[in-house]
Amino acid sequence: MAPSPGQSTRGTKTPRVLVITYALDPTADYVLRELTDRGVPFWRTDLADFPGRSTLTAELRTEGRWGGRMGDELRGVDLSEVRSVWWRKPTSYSFPDTMSEPERRFAASQAKGAVPGVLGSLPGVLWVNRPERNADCTKPVQLAVAARAGLRVPETLITNDPAAVAPFAARCGGHIVTKVFGSIVHTEGGKRGQLYTRRVPPDQYNNPRIGLTAHLFQREITAKAYEIRVTAVAGKLFPVAIHAPDGPARLDWRRNSSSLTHTPVDLPHDVIRGIHTMLGGLGLVYAALDLIVDSDGTHYLIDVNPGGQWAWIDLTRESITLALADLLEKGTL
Ligand SMILES: Nc1ncnc2c1ncn2[C@@H]1O[C@H](COP(=O)(O)OP(=O)(O)OP(=O)(O)O)[C@@H](O)[C@H]1O
Ligand SMILES: [Mg+2]
């Protein structure tokens, strides 16, 4: 594999592209190699570089914009030159071990107020995506916006009331699943597990542990024909059908990703229209969407991942790389 592109060094131009992601992000590398080949200078950093390895100095100018620089010893961006920000997968700000836990919490809150605040206020900058848009894209919000956009969404119940589950399951023909609101990775007692989509059997409907926190239940699409991953980049859609063999991956393809096959697929016009309306409503320039297609061809929108990965799908990797590079280079929609 080619080495990870760190910084584009070609030319003497000040970078107009700011890329914020973790140090060894192979997905970002595809786009950064493309930008390097095009001679588009960028500065790549991670929030974990702040404040130890990077410095932000910004002063409010009379015209009402922050001027100054964010960078490390060698490279960085002039705040007045930035045209696009790729907020890909940053990790957290990091602080010296010598600081106490309360000090670090305070320092993190200071950094969080300053860095995205200053960058987010710069006028005329294209964000892929604005961090607050990503944060707003919770499951309840995305499903509601999708349904309002005319997309089919499976019936969904959110509750911490065990008594609400059985009547909902009855309305869903007795087939419901549950999935988590946040990351599926769960670590407990040193063991790391994944909280995949699970069927909820009738003897669990009344489980008192449901009362311990909020849960999401959804009608199971039992006649699942195949799934679609749609990667959206500034209005361009890159759909791929995902076919899982019989077995655990039929319910949740993440259970056995090596067993999957990917094929090109077209989306119906009304689904395309719904996706554009939904992404406009969510304010997302980039998103990876999950859809289920049932045996009669109905498309169900089930998930919107504003930071979803895309380089793992061979069929669309090259076109998504080019679409993201075009967008970051251009700095406008
Ligand atoms: N209502 C459903 N009926 C049948 N299968 C479902 C349903 N909802 C999700 N799945 C399956 O579970 C898998 C993951 O779905 P989904 O992306 O909705 O889960 P998630 O936990 O929200 O994912 P993420 O981790 O990306 O947020 C997919 O294979 C999908 O088909
Ligand atoms: Mg998903």
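A residue is called buried when its relative accessible area is under 20%, and exposed when that value is over 50%. Keep in mind that this is a predicted model.

**Exercise 1. Find the protein donors of the magnesium ion (ligand 2), and decide whether D290 and D303 are buried or exposed.**

Solution. 
- Step 1: Start at the ion. The magnesium ion has D290 (OD) and D303 (OD) as its protein donors, lying 2.2 Å from it.
- Step 2: D290 sits in strand β17 (residues 286-294) and D303 in strand β18 (residues 299-305), 13 residues apart.
- Step 3: Apply the cut-off. D290 has a relative accessible area of 9%, so D290 is buried.
- Step 4: D303 has 13% relative accessibility, so D303 counts as buried.

**Exercise 2. Which residues are closest to ligand 1, and how much of its area does the protein bury?**

Solution. 
- Step 1: Look around the ligand. Ligand 1 is surrounded by 20 residues, and the closest are K139, K179, E227, R254 and D303.
- Step 2: Check polar side-chain atoms against oxygen atoms of ligand 1. For K139, an N or O atom of the side chain is 2.6 Å from such an oxygen. For D303, the distance from a polar side-chain atom is 2.7 Å, and for K224 it is 2.9 Å.
- Step 3: Turn to the area. Ligand 1 taken alone exposes 620 Å², and 92% of that is buried by the protein.

**Exercise 3. Describe the two faces of strand β9 and name the strands that β9 is joined to.**

Solution. 
- Step 1: Recall the rule. In a regular strand, side chains alternate between the two faces of the sheet.
- Step 2: Sort the residues. In β9 (residues 176-179), I176 and T178 lie on one side, V177 and K179 on the other, and all are buried.
- Step 3: Find the partners. β9 runs antiparallel to strand β13 (residues 215-219), with 4 bridges, and antiparallel to strand β12 (residues 198-199), with 2 bridges.
- Step 4: K179 has L216 of β13 as its bridge partner, while V177 has R199 of β12.

Conventions. Residues numbered from 1 in each chain as written. Chains lettered and ligands numbered in written order. Predicted model: local features only at pLDDT ≥ 70, side-chain atom pairs only at ≥ 80, totals over all residues. Heavy atoms only, no water. Buried < 20%, exposed > 50% of the residue type's maximum accessible area, 1.4 Å probe, protein only. Pairing = 2+ DSSP bridges. Near = heavy atom within 4 Å. Polar contact = N/O pair within 3.5 Å; in protein donor to acceptor, adjacent residues only side chain to side chain. Areas by Shrake-Rupley, 256 points an atom, 1.4 Å probe, with all protein chains shown as cover. Donors = N, O, S within 2.8 Å, 3.2 Å for Na, K, Ca; no water.
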